[in-house]
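Subject: Structure handover

Hi,

Here is the structure for you to look at. Please open it alongside this note, which runs through what turned up.

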Amino acid sequence: MCLSEEEHRLNPLNQRKRRAPPQFLQTMLLSPQAERNWESLCSVLEDVLEDQSHRQLFALELGSGTGQHVIRFAQKMPFVTWQPSDIEEASRESIKAYIAATHIQTVLQPVHLDASEPWEKWAGLSKNSCDIIIAINLLQYSSFKTAQGVINGAGKILKPNGLFITYGVYAVNGIITPSRNEQLDAEIRKLNPEWGLPDIDVLRQHAFGNGLRLERMVEMEDYYKCLIFRKL
């Protein structure tokens, strides 16, 4: 779903940085990739949440980064209250700045959350408290321990029938294709040998062991995929 010209013109995320309020200039981070992919991601979310749009939902975003995604999602889906999170202080400050600049009412202040820790330490979130948990470009930059923590936590914190949605690049049955994804995997592993493209089948099995069923896989741009898990 595209923004109207008026929405695009008025949105602070579309204004040049020099026009942003000066108090936000040093804290608002910008990811070109987030600006490219937010709309296609939003379309997937709108599609899977369409039958629940009549009621208020609560969503947790893991590894929110700059905050661009969560702000865009909130603007397009006002029936969802969003809880952004990130382990990095600079990212949390950026999210705060975007919230202040856009005056968005359905995005809560960001919290520190380390997904590799037990779910009981996830910023005070209680069991069965979330309708949606989303992780964008998180798993390929995570160790297997963190990926396990993400899935374990999702299995605990999601409400029955809740959705766990991940977006990224993946291996399939141990195979990475095409060659550009092999190169991406190698580059990520140079940053940290414990990182790399996760295998969909490994994630599916681990998710099922935590009460989550892989319900749908959506092919996205540039060989990215959205994996949509539902809590049984």
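Where is the place of Pro178? Pro178 sits in the loop between β4 (158-168) and α6. Please keep in mind that this is a predicted model.

**The loops**

Most peptide bonds are trans. The bond from Thr177 to Pro178 is cis, with omega near -10°.

The loop between β4 and α6 also holds Asn173. Phi of Asn173 is positive, near 55°, and the residue is not a glycine. Most residues other than glycine have a negative phi. Asn173 has a relative accessible area of 59%, so it counts as exposed.

Tyr223 is another non-glycine residue with a positive phi, near 70°. Look for Tyr223 in the loop between β5 (212-219) and β6 (225-231). With a relative accessible area of 44%, Tyr223 is partly exposed.

**Helix α3**

Next, the helix that spans residues 68-76. Eight of the nine residues of α3 are buried, so the helix is largely enclosed by the rest of the structure. The buried residues are Gln68, His69, Val70, Ile71, Arg72, Phe73, Ala74 and Lys76. Note that Arg72 and Lys76, which count as charged, are on that list.

Gln68 lies in α3. Its relative accessibility is 1%, under the 20% cut-off, so Gln68 counts as buried. The side chain of Gln68 makes a polar contact of 2.7 Å with the side chain of Thr66. The Gln68 side chain also reaches the backbone nitrogen of Ser31, at 2.6 Å.

**The nonpolar cores**

The largest nonpolar core has 42 residues. Leu49, Phe73, Met77, Val80 and Trp82 touch the most other members. Helix α2 supplies the largest share of this core, seven residues. Phe73 is also among the buried residues of α3.

Take Val80. Setting aside neighbours within four places in sequence, Val80 is in contact with Leu49, Gln56, Leu57, Ala59, Thr106 and Ile132.

There is also a second, separate core of 27 residues. Among its members are Phe58, Ile157, Ile200 and Leu227.

Start with Leu62, in strand β1. Leu62 has 1% relative accessibility and counts as buried. Leu62 and Asp86 are 24 residues apart in sequence, yet their C-alpha atoms are 6.5 Å apart. Not counting residues up to four places away in sequence, Leu62 touches Ser85, Leu113, Trp122, Ile133, Ile134, Ala135, Ile136, Leu138 and Val150.

Then go to Ile165, in strand β4. At 2% relative accessibility, Ile165 is buried. Which residues is Ile165 in contact with, leaving aside its neighbours within four places in sequence? They are Leu45, Val48, Ile132, Ile133, Ile134, Ala135, Leu227 and Ile228.

Last, Ala154, in helix α5 (residues 144-157). Ala154 is buried, with a relative accessible area of 0%. The C-alpha atoms of Ala154 and Ile132 are separated by 8.9 Å, and these two residues are 22 apart along the chain. Leaving aside neighbours within four places in sequence, Ala154 is in contact with Trp122, Ile133, Phe164 and Leu212.

Rolling a probe the size of a water molecule over the atoms shows where empty space is left. The largest pocket has about 920 Å³ of space. Its lining is made up of 38 residues, and the closest to its centre are Gly63, Ile136, Asn137, Leu138 and Tyr141. Two or more lining residues come from each of α2 (32-49), β1 (57-62) and α6 (179-191). Which element gives the most to the lining of the largest pocket? Helix α2 does, with four residues.

Ile136 and Leu138 are among the residues closest to the pocket centre, and Leu62 touches both Ile136 and Leu138.

Best wishes

Note on methods:
Residues are numbered from 1 along each chain as its sequence is written. This is a predicted model: local features need pLDDT of at least 70, side-chain atom pairs count only at pLDDT 80 or more; totals for chains, interfaces and linings use all residues. Side-chain values use heavy atoms; hydrogens and water are left out. Buried means under 20% relative accessible area, exposed over 50%, partly exposed in between (1.4 Å probe, protein chains only). A polar contact is a pair of N or O atoms within 3.5 Å; within protein, one must be able to donate a hydrogen and the other to accept it, and residues adjacent in sequence count only if both atoms are side-chain atoms. On a 1 Å grid over the protein atoms alone, a cavity is a set of points where a 1.4 Å probe fits but cannot get out, and a pocket is an open set with protein on both sides within 12 Å along at least five of seven lines; lining residues have an atom within 4 Å of a point. Grid points are joined across faces, edges and corners, and a volume is the space filled by probe spheres set on the points. A nonpolar core is a set of buried Ala, Val, Leu, Ile, Met, Phe, Trp, Tyr and Cys residues joined through side-chain atoms within 4.5 Å. Contact means heavy atoms within 4.5 Å.
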